[in-house]
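Thanks for coming, everyone. I'll take you through one structure, stop by stop.

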Amino acid sequence: MHFPTAAGRHFRHLRMWHAVPVSLIVVAVVAFLVLRPSDGGRSVPNSPCLAADSARDDTPATPDLDGDGFADLVYENVDTENFDLIVVPGSEHGPDHDRTTALTRHDLGVPDHIQTGDDPWQPTVADLDEDGHADFVISSAASVLWGGPKGPQAGGPHVRLPLPGSGYHTAPVAGDFDGDGHTDLAVFKDSNENRELVVIKGPFKRSGAAARIVQIPSPVHEGATPVLVAGDANDDRATDLVLYGSPWDPPLLFTGGARTAGGLSKDPVRLPEGENVVFGDFDGDGRQDVAIGRSFVDSYDEDVTPHRRGQVSVRYGKEPGTWVTMDGGGFKEGFGTRLAAEDFNGDGCDDLAVQLTKKKEAGDARIEVLRGGSEHGLGSKPWRATKRSTPGEDGPLDGTLFAVNDWDGDGRAEMALLGGDRWWITDGTDRDKASFPLASGKNRGA
């Protein structure tokens with residue numbers, strides 16, 4: 001689900017709007033699509049949130065690679081000369097740094113000519129071959145490392161997916177776009193000759209063969225390399241797909257389950273302007289809501305930030321024709337730079353973590369959490385706020401929001417913040433569940 005040693009660089013490639021070399025990775029999204037029940041959610045007074053025994057069928061399972069019941073922190077470490085996939089196993093105390101394992105480029109089947117930039121990314125996690133075990137889809141090379149009872153292993157079986165042509169800068173994202181019960185993959189192809197949205201339909205064989213590959217003409221302007229995020233925006237159980245990150249196009253929503261070759265609607269819906277999009281159930285009605293962040297801060301700090309507050313726009317599943325917009329932070333503080341949705345207090349409703357960043361290249365960041373489960377959904381005032389910093393050559397480097405998950409299995413989500421070469425795992429308060437350095441490309445575990 002990102003990030004040259006300054007934290008301000010951690011997310012700069014997420015908005016890669018201009019043409020970039022074929023070999024550069026931009027971003028990948030964690031999407032393990034086996035469904036699970038609620039993580040110990042409990043109802044609270046005057047809250048519509050689901051009770052503990054209610055099934056939240058729309059909630060994706062956490063990336064528990066070894067099947068021990070704890071989510072694992074996974075990322076592609078490309079801050080070294082070699083390409084490494086890092087797995088930090090979860091535990092009752094959160095990510096266990098002492099059991100960290102690094103899988104090398106050779107382990108993953110990533111060719112030497114694939115260059116990966118200089119920032120960590122989240123790989124895509126999904127059960128592609130339907131054996132009940134999570135698989136990794138890594139880098140723009142679309143290499144798959146097949147999972148097993150103990151998770152994907154060094155020296156384990158791997159294969160490259162048969163992507164048509166070249167010009168891929170992101171790993172594919174996962175979802176059941178046609179609603180047939182099989183996991184599919186979607187990726188954007190950006191080449192001079194042919195710019196397309198490519199859907200690779202499952203199920204997949206261990207040879208990498210897919211049921212079908214569908215190529216859709218690019219819906220965005222030339223020169224834009226959009227970020228892809230998957231979710232269910234209309235409660236029909238088919239996965240929908242949002243493309244965002246273009247300076248010339250608003251976020252575009254393709255609904256899934258359509259009677260088309262790829263399962264996605266022929267024409268996308270234009271969403272309100274914004275630089276990032278997440279899905280979550282903020283009002284606890286069992287339907288996915290959509291949140292869009294718009295900070296008004298230039299991605300490369302080239303333009304002066306206008307004298308206004310950032311904002312988050314939300315569309316609730318129960319009112320698909322209505323958008324609610326909330327301003328946040330102070331003027332020019334960049335509220336809405338990055339979003340993440342999870343249940344931080346265990347009440348069964350998702351909350352929304354919102355990053356504020358005044359200058360995206362400067363390494364400044366703080367995170368505020370808007371509570372879900374209020375009378376109408378998200379509360380407009382921050383419920384929790386957090387900031388982590390580490391010394392840097394040019395001043396403090398703030399921890400940037402990398403991922404959210406329940407890594408300690410207590411039914412309440414934590415944030416993973418990355419600043420410089422250090423991780424913080426925090427519940428959004430002054431307490432850290434864990435803090436440890438960014439792993440090197442050295443195997444540290446079994």
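Start at Lys332, in the loop between strand 19 (324-328) and strand 20 (335-342). Lys332 is not a glycine, yet its phi is positive, about 65 degrees. Most residues other than glycine have a negative phi. Is Lys332 buried or partly exposed? Its relative accessible area is 35%, so Lys332 counts as partly exposed.

Glu130 is another case. Here phi is positive at about 60 degrees, and again the residue is not a glycine. Look for Glu130 in the loop between strand 4 (124-126) and strand 5 (135-138). Glu130 is partly exposed, with 41% relative accessible area.

A word on confidence. This model is predicted. The protein chain has an average pLDDT of 81, and 82% of the residues reach at least 70. Residues 1-43 have a pLDDT below 50, and that stretch makes 190 contacts in the model beyond near neighbours in sequence. Residues 441-446 are also below 50 in pLDDT. That stretch has 14 such contacts.

Now a peptide bond. Gly202 and Pro203 are joined in cis, with omega about 10 degrees. Most peptide bonds are trans. Pro203 sits in the loop between strand 10 and strand 11 (212-217).

Step back into strand 10, residues 195-201, and you find Val198. With a relative accessible area of 0%, Val198 is buried. What does Val198 touch, leaving out residues up to four places away in sequence? The list includes Pro164, Tyr168, Leu185, Ile213 and Val214. Val198 and Gly262 are 64 residues apart along the chain, but their C-alpha atoms are separated by 8.5 Å.

Two serines next. Ser246 is in the loop between strand 13 (240-244) and strand 14 (252-254). Ser246 has a relative accessible area of 10%, so it is buried. Its side chain has a polar atom 3.1 Å from the backbone nitrogen of Trp248. The side chains of Ser246 and Asp249 also make a polar contact, at 2.7 Å.

The other serine is Ser295, in the loop between strand 17 (289-294) and strand 18 (310-315). Why do we call Ser295 buried? Because its relative accessibility is 1%, and the cut-off for buried is under 20%. The Ser295 side chain reaches the backbone nitrogen of Val297 at 3.1 Å. Beyond neighbours within four places in sequence, Ser295 contacts residues including Glu275, Gly310, Phe335 and Lys360.

Four strands form an open sheet in the order 26-27-28-29, paired antiparallel. At the edges are strand 26 (400-405) and strand 29 (432-437), each pairing on one side only. From one strand to the next, the twist averages 20 degrees. Strands 27 (414-419) and 28 (422-426) are joined by five bridges.

The largest nonpolar core has 17 residues. Leu73, Tyr75, Trp407, Trp423, Ile425 and Phe436 have the most contacts inside it. Which elements give two or more residues to this core? Strand 1 (73-77), strand 2 (84-88), and strands 26, 27, 28 and 29.

Finish on Trp407. Setting aside residues up to four places away in sequence, Trp407 touches Leu73, Pro95, Met415 and Ile425, among others.

Notes: Residues are numbered from 1 along each chain as its sequence is written. This is a predicted model: local features need pLDDT of at least 70, side-chain atom pairs count only at pLDDT 80 or more; totals for chains, interfaces and linings use all residues. Side-chain values use heavy atoms; hydrogens and water are left out. pLDDT is the predictor's confidence in each residue, from 0 to 100. Contact means heavy atoms within 4.5 Å. Two strands pair if DSSP finds at least two bridges between them. Axes are lines fitted to C-alpha atoms, for helices over the stretch in contact, and angles run from 0 to 180 degrees between N-to-C directions. Buried means under 20% relative accessible area, exposed over 50%, partly exposed in between (1.4 Å probe, protein chains only). A polar contact is a pair of N or O atoms within 3.5 Å; within protein, one must be able to donate a hydrogen and the other to accept it, and residues adjacent in sequence count only if both atoms are side-chain atoms. A nonpolar core is a set of buried Ala, Val, Leu, Ile, Met, Phe, Trp, Tyr and Cys residues joined through side-chain atoms within 4.5 Å.
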